[in-house]
Amino acid sequence: MEKKVTIQDIADSLGLSRNTVSKALNNTGVLADDTRKKILERAAEMGYRRFIYLQQDQPTHNTTPGELALISQNMPYGSHFGIYALNTFQEKISQNNYRLIMFSVRDEEIATLQLPLGFDKEKTAGIICMELFQPEYIKMLNTLGIPLLFIDTAYNTDFTQIDADFLMMENRTSVYNLTDTLIQKGYTSLAFAGNRKHCRSFLERYQGFMDAIMENGLTPHTTQFANTNVFANTSLLEETIKRTLQLPEVFVCANDAIAIDLIHSLKKLGIQIPEEVLITGFDNSSESQIIEPHLTTVDIPSSRIGYIAADLLLSRIREPETPYRITYVQTTVKYRESTGKL
């Protein structure tokens with residue numbers, strides 16, 4: 001049997017501490033970008049497979065823990081920011097004698113507005129929703145009378161009509177600043193890539209892009225990449241690129257996954273980045289720091305989001321009369337090689 005590569009193996013190969021390597025792999029703590037990059041590249045070389053265990057410590061006292069439910073259409077995996085957020089969320093709720101029960105809601109349950117199989121309304125003290133963007137299903141959950149927290153939400157959610165707390169990352173201003181910086185450097189042909197109606201965060205990122213475009217007296221170069229179907233598969237994306245008579249100078253992408261798909265397809269077609277096209281993403285995923293060229297992106301404090309989410313939901317359970325809150329977590333632009341030397 002092939003020996004599983006461990007964090008210690010990676011640390012030993014680089015002459016670093018296990019704690020330093022763990023910070024890089026789990027996107028936690030303060031670490032120099034060069035060090036993080038070196039660790040991630042070595043991990044990839046050695047075939048390390050990240051296993052994030054969503055397993056909370058058992059409470060030290062004998063009282064039965066309360067139950068919180070995670071409901072999601074698409075459970076986070078890999079380097080999705082939700083993995084890190086859920087780890088710290090569970091750490092925090094465990095300290096408060098709660099455990100997390102996870103429910104992946106199926107398409108048929110979404111369509112019929114049914115709760116996931118096994119969900120027990122009587123035992124559930126609170127619900128956290130992640131990657132859940134169906135408006136009617138959100139409204140259905142709102143009727144349960146259970147404390148609700150959404151991390152991101154549907155693009156058209158009316159916050160005033162849903163009795164829930166919402167936790168968002170700051171999207172609009174960061175993308176505005178990124179787009180405006182590129183325009184001030186002389187780039188005038190820019191396009192947004194990603195479906196703005198996918199979720200609220202994508203919509204706000206699109207709005208930030210459009211704010212910068214309009215304030216500088218420009219119009220988007222093309223809108224054909226602002227469509228979720230374009231990124232359905234590699235072949236369709238490559239065909240769309242081929243059909244585009246003149247590509248924009250800059251693609252501002254809704255997230256890193258879209259940006260990375262674009263980079264792969266453009267390079268396959270012989271288009272150089274950033275010499276011919278500049279690319280930006282959003283999330284600061286591990287992949288954004290490994291792909292060549294390294295991706296300019298917006299950093300989300302993923303692990304801290306988990307602690308904030310736990311505080312919001314636990315405080316709602318303890319004090320249900322608290323006014324409902326919409327909380328935005330600060331984000332930071334990270335300039336890298338995919339936008340050249342700014």
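Start by selecting Leu113: this residue is partly exposed, with a relative accessible area of 35%. Remember that you are looking at a predicted model. Leu113 sits in the loop between α5 (107-112) and β3 (124-130). Check its backbone. Phi is near 55°, a positive value in a residue other than glycine. Most residues other than glycine have a negative phi.

Next, select Asn284. You will find Asn284 in the loop between β8 and β9. Its phi is also positive, near 55°. Is Asn284 buried or exposed? Asn284 is buried, because its relative accessible area of 6% falls under 20%.

Stay in that loop and pick Pro293, which lies between β8 and β9 (297-299). A cis peptide bond links Glu292 to Pro293, with omega about -5°. Most peptide bonds are trans.

Now go to Pro274, in the loop between α10 (256-268) and β8 (278-280). The bond joining Ile273 and Pro274 is cis, with omega about 5°.

Last stop: two helices. Select α4 (residues 81-95) and α11 (residues 302-318). Their axes come within 7 Å and cross at roughly 45°. That makes α4 oblique to α11. The crossing is right-handed. Show the side chains in the contact. From α4, they include Phe81, Tyr84, Phe89 and Ile93. From α11, they include Ile305, Tyr307, Leu313 and Leu314. What kinds of residues make up the contact of α4 with α11? Eleven are nonpolar, four polar and three charged. For charged examples, colour Glu91 and Lys92 of α4, and Asp311 of α11.

How values were computed: Residues are numbered from 1 along each chain as its sequence is written. This is a predicted model: local features need pLDDT of at least 70, side-chain atom pairs count only at pLDDT 80 or more; totals for chains, interfaces and linings use all residues. Side-chain values use heavy atoms; hydrogens and water are left out. Axes are lines fitted to C-alpha atoms, for helices over the stretch in contact, and angles run from 0 to 180 degrees between N-to-C directions. Helices (H or I, at least four residues) and strands (E, at least two) are DSSP runs, numbered from the N terminus. Angles under 35 degrees count as roughly parallel, over 145 as roughly antiparallel, 65 to 115 as roughly perpendicular and the rest as oblique. A crossing is left-handed if the near helix is turned anticlockwise from the far one by less than a right angle, and right-handed if clockwise. Contact means heavy atoms within 4.5 Å. Buried means under 20% relative accessible area, exposed over 50%, partly exposed in between (1.4 Å probe, protein chains only).
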